[in-house]
Amino acid sequence: MEKEDLEALYKVVLDRKNNGSEGSYTNYLFEKGLDKILKKVGEECTEVVIASKNDNKEEQICEICDLAYHLLVLMAELGISMDEIKVELGKRREKINNFKGERKEITNV
């Protein structure tokens, strides 16, 4: 079995975006556009939250993978590269021990 990581999956997503592939779910998402992609990201976020409250690690892993995939599709749609994400994560890594406390509660909505 070929090793799959996020970068390899992102390359497949980019290929679908740039070249299409009949019958591909990824291609379908790109054809439907940003609103559909954002809807799926939102749905997957909610499913990760729900799965995380349950005691089923297999379900949690599946839902996290679904969210990761849809985030990669969103990145491709927005023109955000894996390198840009790595740079930002590197910047955040430098901020170790920089916790500023809890955010203030929102009182006016």
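I started with tyrosine 28, which comes out partly exposed at 33% relative accessibility; buried would be under 20% relative accessible area, exposed over 50%, and partly exposed lies in between (1.4 Å probe, protein chains only). Tyrosine 25 is partly exposed too, with a relative accessible area of 37%.

A note on what I'm looking at: this is a predicted model, where local features need pLDDT of at least 70, side-chain atom pairs count only at pLDDT 80 or more, and totals for chains, interfaces and linings use all residues. Residues are numbered from 1 along each chain as its sequence is written, and side-chain values use heavy atoms, with hydrogens and water left out.

**Aromatic rings**

I searched the whole structure and got two aromatic pairs. Tyrosine 25 and tyrosine 28 make a stacked one, 6.0 Å centre to centre with 25° between the planes. For the cut-offs, rings of Phe, Tyr and Trp (its six-membered ring) pair if their centres lie within 6.5 Å, and planes under 30 degrees apart count as stacked, over 60 as edge-to-face and the rest as tilted. These two tyrosines sit three residues apart in helix H2, so about one helical turn separates them. My helices are DSSP runs (H or I, at least four residues), numbered from the N terminus. Tyr25, Tyr28 and Tyr69 form one aromatic cluster.

**H2 against H4**

Next I checked how H2 meets H4: their axes come within 11 Å and cross at roughly 45°. Axes here are lines fitted to C-alpha atoms, for helices over the stretch in contact, and angles run from 0 to 180 degrees between N-to-C directions. H2 and H4 are therefore oblique to each other; under 35 degrees would count as roughly parallel, over 145 as roughly antiparallel, 65 to 115 as roughly perpendicular, and the rest is oblique. On the H2 side the contact is made by Tyr25, Thr26, Leu29 and Phe30, and on the H4 side by Tyr69, His70, Val73, Ala76 and Glu77. Contact means heavy atoms within 4.5 Å.

**The core**

What did I find in the largest nonpolar core? It has 15 residues, and Tyr10, Val13, Phe30, Ile37, Leu72 and Val73 touch the most other members. Such a core is a set of buried Ala, Val, Leu, Ile, Met, Phe, Trp, Tyr and Cys residues joined through side-chain atoms within 4.5 Å. H1 (6–19), H2 (25–32), H3 (34–53) and H4 (57–78) each supply at least two of its residues, and H4 gives the most, with seven. I also looked up valine 13: beyond neighbours within four places in sequence, its contacts are Thr26, Phe30, Tyr69, Leu72, Val73 and Ala76.
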